[in-house]
Amino acid sequence: MRLKPPFPRMNSAERRIWDAYPSGSWVDLRSGDDQADDPANGPGWGPERTVRAEVVAALLRGARPPESGRSAGLRLAGAHITGVLDLADATLTGKLHMVNCYLPGGVSMTDTIAVGVRLRGCEIARIRAAGCTVNAMLDFDGSTVHGGIRLDNAQVKGQVRFSGLRVSAEETTEASDNAVRDVRRRMSEEELRERGHRHGQWALWAGGMTVEGGAFMRDMRVNGGLRIIGAKFRGGIYLQRSVITATGPYAIQADFMEAGAAELSRGFHATGTIRMRNSRVNGVLSFDGATLRAPGRVLHLSHAQMDELILRPDSIEGEVNLAYSRIGVLLDAPADYPGAVYLNGLVYEALRGSAWSVNDRLVWVDKDSYGYRPQPYEQLAAWFRRIGHEQDARRVLLAKQRRRRRTLRPAGRIWGRLLDLVVGYGYRPWLAGLWVAVLLAAGTGVFAAVPPTQIDPEEIRVFQPFVYTLDLLAPVSVFEQRGAWDPTGWTRWLAWTLIASGWILATALIAGTARVLRPGPSS
């Protein structure tokens, strides 16, 4: 028995939809002309393609039961939906699948429970779906959304497909509407922004969203930012070739985000800061082949954890913050960092990338605009030691002491230069041997030519210039030569110089060795 529609004066398009819904059959209102059927031309479509939003909402809310043995659903192509498609707080009885439709009133799915939602290649004013649950796929492939998308705290049990989506942010004033305004408590502009009622800088507001499958967002064009704080993309998030032009400071704000992988690579382009503070990527976070620009900080990845970070963009402008993050493998090129790099507290297990030298890495760790930080040097040296490059590790630690010297007071800088000159802060102990050899040679030659006089003429001794010079260099007389011979004339200055040099060499060698053997980093 055919049910009588509850809507008076239904047009032909609405009747077709009404009849097709119980079986889930397609209703295609398109003309067959691709240009005419483009939903951007929706305002010019006639009444034969016009459907009231309340008719669609009534069907999805259960106005018609499914046919026996069939799955009910709204499958509609080429329609002009008038009014707001209001499905808020509803449990939809069938799938919603629209292709090339024009929805100037937007879609409201706040706190909705849906089987599956697919709005492909549509022209939509805005989408409000905070807190919704989609038990299958959420698909906006190829659509254009002019007033932003809200998916905060939404749950999607299947995939998210936003590939080719065009979305722009729009300044809203929802909180000032009478329906939500609290006369007892007026919120400030800052509170309104925090609650998402003033989100003109955000094209996609999806904080706390959970996606069980992959989130495929390739080839998107976004005018505004993506706010995905605390979102969980268990199957990963993929933004290859997408272009994001921020209207505020952030292109992406993804603090505390969790993802199986994050591909912002292969043609990805962002103008604005990408902030992923405290985020966790269980696979690869890749910026390979990306273009990243921001007036200040371009990447803020501090306190994050990831198995691998591929930081090989085609172009990058701005500061990079990797402070206090834990990275399994860091694949990068030190020369690719154009501005300051914040590495204090960064821990990594391996460094990979195209050929780079130890000097390249030393320049890299010295790019912190806040000044000297010992930990980046210690971390780099520890990695070199771990892979068996002890000599490179010592070079890094020597560079650390030289960089630290710039922060000291004049006396400390003088002593540091002396340590560096004599023993390389203990990392080049062979320098002390070299100095001893030079001084021994000089002293031996001089005292052989101008021998000192014997202090006790009655004592029978044979003068040996080499042994005498060696005894002067030793901090404590070993061969009892100092007390037996007295240098003459100008050679006294040489003798005093050798004695002072011996003390300096011994002190520097002890201080440098103690510094090397000290278990913790030097302050």
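Hi everyone. Let me start with how residues are classed here: Ala, Val, Leu, Ile, Met, Phe, Trp, Tyr, Cys and Pro count as nonpolar, Asp, Glu, Lys and Arg as charged, and the others, Gly among them, as polar. What we have is a predicted model, in which local features need pLDDT of at least 70 and side-chain atom pairs count only at pLDDT 80 or more, while totals for chains, interfaces and linings use all residues. Residues are numbered from 1 along each chain as its sequence is written, and side-chain values use heavy atoms, with hydrogens and water left out.

Now to the spaces. On a 1 Å grid over the protein atoms alone, a pocket is an open set of points with protein on both sides within 12 Å along at least five of seven lines, a cavity is a set where a 1.4 Å probe fits but cannot get out, and lining residues have an atom within 4 Å of a point. Grid points are joined across faces, edges and corners, and a volume is the space filled by probe spheres set on the points.

The second largest pocket holds about 170 Å³. Its lining is R297, S302, H303, N321, A323, Y324, Y342, N344, D368, Y370 and R373, which splits into four nonpolar, four polar and three charged residues.

How many cavities of 30 Å³ or more does the structure hold? There are four. Of its 13 lining residues, V365, D366, D368, G371 and R373 lie nearest the centre. By class, the lining has seven nonpolar, two polar and four charged residues.

A word on elements: helices (H or I, at least four residues) and strands (E, at least two) are DSSP runs, numbered from the N terminus.

On to helix packing. The axes of α5 (residues 358-365) and α7 (residues 390-405) come within 11 Å and cross at roughly 35°. Axes are lines fitted to C-alpha atoms, for helices over the stretch in contact, and angles run from 0 to 180 degrees between N-to-C directions. V358, N359 and L362 of α5 meet D392, R395, V396 and A399 of α7, contact being heavy atoms within 4.5 Å. Four of these residues are nonpolar, one is polar and two are charged.

Next, strands, which pair if DSSP finds at least two bridges between them. β20 (residues 202-205) pairs in the parallel sense with β16 (residues 149-150) over two bridges, and R150 has W205 as its bridge partner. β20 also pairs in the parallel sense with β24 (residues 225-227), over three bridges; here L204 stands opposite L226.

Last, some backbone. Most residues other than glycine have a negative phi. N100, in the loop between β6 (95-99) and β7 (102-103), has a positive phi of about 55°. N153, in the loop between β16 and β17 (155-156), has a positive phi of about 60°. Thanks, everyone!
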